[in-house]
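Biologist: Before I look at any details, could you show me how to read a model like this one, step by step?

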Amino acid sequence: MICLFGNQKGGVGKSTLTVLSGNYLSLDKSWPVTIIDMDYQQSISQKFEKAKVLENAEPYDVMPASLETYPMLHNVLTRNKKDAILIDLPGKLDDDGLIPVFKSADMVVCPFAYDEFTYESTVLFTVVLKKVNPGIRVVFIPNRIKANVKFETMTEVNEQLSKFGTITAIIPDRIDFQRITTFNTPVSLYPVISPIFEQVFAKHLWNP
Ligand SMILES: Nc1ncnc2c1ncn2[C@@H]1O[C@H](COP(=O)(O)OP(=O)(O)O)[C@@H](O)[C@H]1O
Ligand SMILES: [Mg+2]
C-alpha cells in the first residue's frame, strides 16, 4: 500500500501527519512501515536521526529520496505488497518527476486548513493528482484548525472538497503536536488522532 502525504501548500502538516501515520500503523497496529522522505527540508529524516541517538530500536525506516530516484526505489519497495509505504511529498506541482510517484500510489492524505489560499492549493493539487491517477483514493484532513473558524466557511469548503474525496474530523491547533518523534506520539494526542486514523486506514488494515 502506497500512501502519499501531499498538498502544494507548505506548513499544512504533511510531514507531521506522515510521522503520526507511521507511528500509528507500526506502533499501534504492528504494520510494517517505511517512510520515504521527499521533502526538501528532509524534516522527517532529521527527526529520525536525532531520535535514533536516544532510542535503541527504531519502529520503522525513514529513507530520504528525491523524485529522480523514485522509479528505482519503487520496484524495491513494492516487493512486499503488504508493507505500508508512506511518502512525504515536496510542496510543489511543477516537476515531471511527480508523475511516477502519483501513478504508483493507492491513496493520498491531503492536509488542509480553512483559508482561501490553502483551499486553492488543495484543489489544484488534487485536480493534478487525479488527472495522473484517476483511481486514487483521496482523504482530506483539516489540520491546525483554530477555534474561530466560521461554520459557514467549513461547510462551503467541505462541500467543494467532497467532490474529490472524503473529509475527516478536524485536528485542532495544539502545542503537543510539536513533541511528536519518529519513535513516539504523545499520549495526549491519541484521543484526537486515533479515530481519524482508524477511518483513514481501516480499509487497508482489514484488506491489506
Ligand atoms: N495540529 C497541529 N497543531 C499545532 N501545530 C501543528 C499541527 N500540525 C502541524 N503543526 C506544526 O506546524 C508546522 C508545519 O507542519 P509540517 O508538518 O512541517 O507541514 P508541511 O510538511 O506541510 O510543510 C510544524 O512546526 C508542525 O509541528
Ligand atoms: Mg514538510
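Modeller: Let us begin with burial: a residue counts as buried if 20 or more other C-beta atoms lie within 10 Å of its own, with the C-beta atoms placed from the backbone. In this structure, which is a predicted model, 36% of the 208 residues of the protein count as buried.

Biologist: How many helices and strands are there in the protein, and in what order do the elements run?

Modeller: The protein has seven helices and seven strands, and, read from the N terminus, its elements follow the order β-α-β-α-β-α-β-α-β-α-β-α-β-α. The radius of gyration is 16 Å, close to the 17 Å that the globule rule gives for 208 residues, so the protein is as compact as a globular protein of that length.

Biologist: Which residues are the closest to ligand 1?

Modeller: Of the 15 residues that surround ligand 1, the closest are Gly13, Lys14, Ser15, Thr16 and Phe177. Helix H1 (residues 14-28) contributes the largest share of this shell, three residues, while the shell as a whole divides into three nonpolar, eight polar and four charged residues.

Technical notes
Residues are numbered from 1 along each chain as its sequence is written. Chains are lettered from A and ligands numbered from 1 in the order in which they are written. This is a predicted model: local features need pLDDT of at least 70, side-chain atom pairs count only at pLDDT 80 or more; totals for chains, interfaces and linings use all residues. A residue is near a molecule or strand if its C-beta atom, placed from the backbone, lies within 6 Å of it. Helices (H or I, at least four residues) and strands (E, at least two) are DSSP runs, numbered from the N terminus. Ala, Val, Leu, Ile, Met, Phe, Trp, Tyr, Cys and Pro count as nonpolar, Asp, Glu, Lys and Arg as charged, and the others, Gly among them, as polar. The radius of gyration is taken over C-alpha atoms; the globule rule is 2.2 Å times the number of residues to the power 0.38. A residue is buried if 20 or more other C-beta atoms lie within 10 Å of its own, exposed if 12 or fewer, and partly exposed in between; C-beta atoms are placed from the backbone.
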